[in-house]
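Please look at the model shown here and follow the text with the structure at hand.

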Amino acid sequence: MKVLITGGAGFIGSNIVHYWLDNYPKDIVINLDALKYSGNLDNLRDIEKSPKYKFYHSDISRYDEIEPIFKQGVDVVVNFAAQTHVDRSLYEPNEFINSNIIGTRNLLEACLKYQVKRFHQISTDEVFGDLAINDKHKFTAETLLNPSNEYAASKASAEMFIMAYLHTHHLPATISNCTNNIGPYQYPEKFVPLAITNILEGKKVPVYGTGKNIRDWIYVIDHCRAIDVILKKGKPGERYLIGSDHREINNIQLLSKIIKVMDIPGDWMEFVTDRPGHDRKYAVDWTKIGKLGWKPKYSLDQSIRLTVEWYMKNTRWWKKIKSGEYRKAYEKIYGKNY
Ligand code: TYD
């Protein structure tokens, strides 16, 4: 089988490229990535020479760049390519519109034209808006889309296009909405890698607002396992929510756990001005994918420990990013300013 992973040089994308090559050695994995600021080929150094792996430096927002890849024949497309950072979406919304909406629509068009057997969209629980802190409800596959920031709005729009292609063209598409991921290769602008790397650099960790916002955290490998299950057993036209098995946890509690695992003495938390429109709480009911035989394997403590260990071991990886060096390297190679 030929699997096209878009955004395979990003955080979750590079994890699934590794996961797929490890678990399905007979398959061909094609990685299409625009190498924008968070796409990083360092995430794939260990497999880049594999005969089962092929990389294309292409942007999904450019149909002319993606069509030649589809022409070669692709069985399954999993779309990870997206701008994902809420804070950035507040001041660079056009980037989000181009990658997340126009990019997805281009992929849908190519999937239709080249009769791809399955298109799977990696969406987010953020498309449902937020819950009140004390709300006992969780998001389900029936929850209406109700995005509350530009990032979430762009992902919700992409979902609308998928629904249209499902209805009008019967494109065999599935969608998954996963909660916050942690693990290796996450760009250090996100809360968990930012916290770990800041502490390793002796810097404080900015905690937005009260620090009481609640997220549902999942280890990235559990997310990859869930995608695998959806591709095998999921039904076209369906949406699957992916979440963890943990108790609800707020940002202060999460950061306290990280600090405890790191065991570096210091006063690391610094409360800063809140993010505008900061979503209060996400919580996901994953009963539906549970019925396909999936459940998360990693506890929160295990997920944190594995993530902390990875960042402590791979200081070169994140120091290069934090110093901006790797972006300069791409400018040299590709002559573009990322
Ligand atoms: P983030 O990793 O940006 O993911 P998302 O906003 O998509 O959930 O943020 C996770 C939580 O951490 C969120 O409630 C915002 C908060 N946060 C901070 O308190 N400080 C930070 O520096 C960042 C990046 C996030």
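A polar contact is a pair of N or O atoms within 3.5 Å; inside the protein, one atom must be able to donate a hydrogen and the other to accept it, and residues adjacent in sequence count only if both atoms are side-chain atoms. This is a predicted model, in which local features need pLDDT of at least 70 and side-chain atom pairs count only at pLDDT 80 or more, while totals for chains, interfaces and linings use all residues. Residues are numbered from 1 along each chain as its sequence is written, and side-chain values use heavy atoms, with hydrogens and water left out.

Turn to the ligand. An oxygen atom of the ligand is 2.7 Å from an N or O atom in the side chain of His278, a polar side-chain atom of Arg275 lies 2.6 Å from an oxygen atom of the ligand, and for Arg215 the corresponding distance from a polar side-chain atom to a ligand oxygen is 2.7 Å. How much of the accessible area that the ligand has on its own does the protein cover? The protein covers 97% of those 510 Å², where accessible areas come from the Shrake-Rupley method with a 1.4 Å probe and, for residues, only the protein chains shown count as cover.

The ligand is surrounded by 18 residues, the closest being Glu126, Pro206, Arg215, Arg275 and His278; a residue is near a molecule if one of its heavy atoms lies within 4 Å of it. By class, this shell has eight nonpolar, five polar and five charged residues, where Ala, Val, Leu, Ile, Met, Phe, Trp, Tyr, Cys and Pro count as nonpolar, Asp, Glu, Lys and Arg as charged, and the others, Gly among them, as polar. Strand E8 (205-208) gives the most to the shell, with three residues. Helices (H or I, at least four residues) and strands (E, at least two) are DSSP runs, numbered from the N terminus.

His278 sits in the loop between strand E13 (269-272) and helix H9 (287-290), and its side chain makes a polar contact of 2.6 Å with the side chain of Asp274. With a relative accessible area of 12%, His278 is buried; buried means under 20% relative accessible area, exposed over 50%, and partly exposed in between (1.4 Å probe, protein chains only).

Ser148, in the loop between strand E5 (118-124) and helix H5 (150-169), counts as partly exposed because its relative accessibility is 39%. Two residues other than glycine have a positive phi: His170, near 55°, and Tyr185, near 70°. Is His170 buried or exposed? His170, in the loop between H5 and strand E6 (173-178), is exposed, with a relative accessible area of 63%, whereas Tyr185 is buried at 15%.

Finally, consider the cysteines. A disulfide is a covalent bond between the sulfur atoms of two cysteines, and the cut-off used here is a pair of cysteine sulfur atoms within 2.5 Å. The structure holds zero disulfides. For Cys111, the nearest cysteine sulfur, that of Cys224, is 20 Å away, and Cys111 counts as buried at 2% relative accessibility. For Cys224, the nearest cysteine sulfur belongs to Cys178 and is 9.5 Å away, and Cys224 is buried too, with a relative accessible area of 1%.
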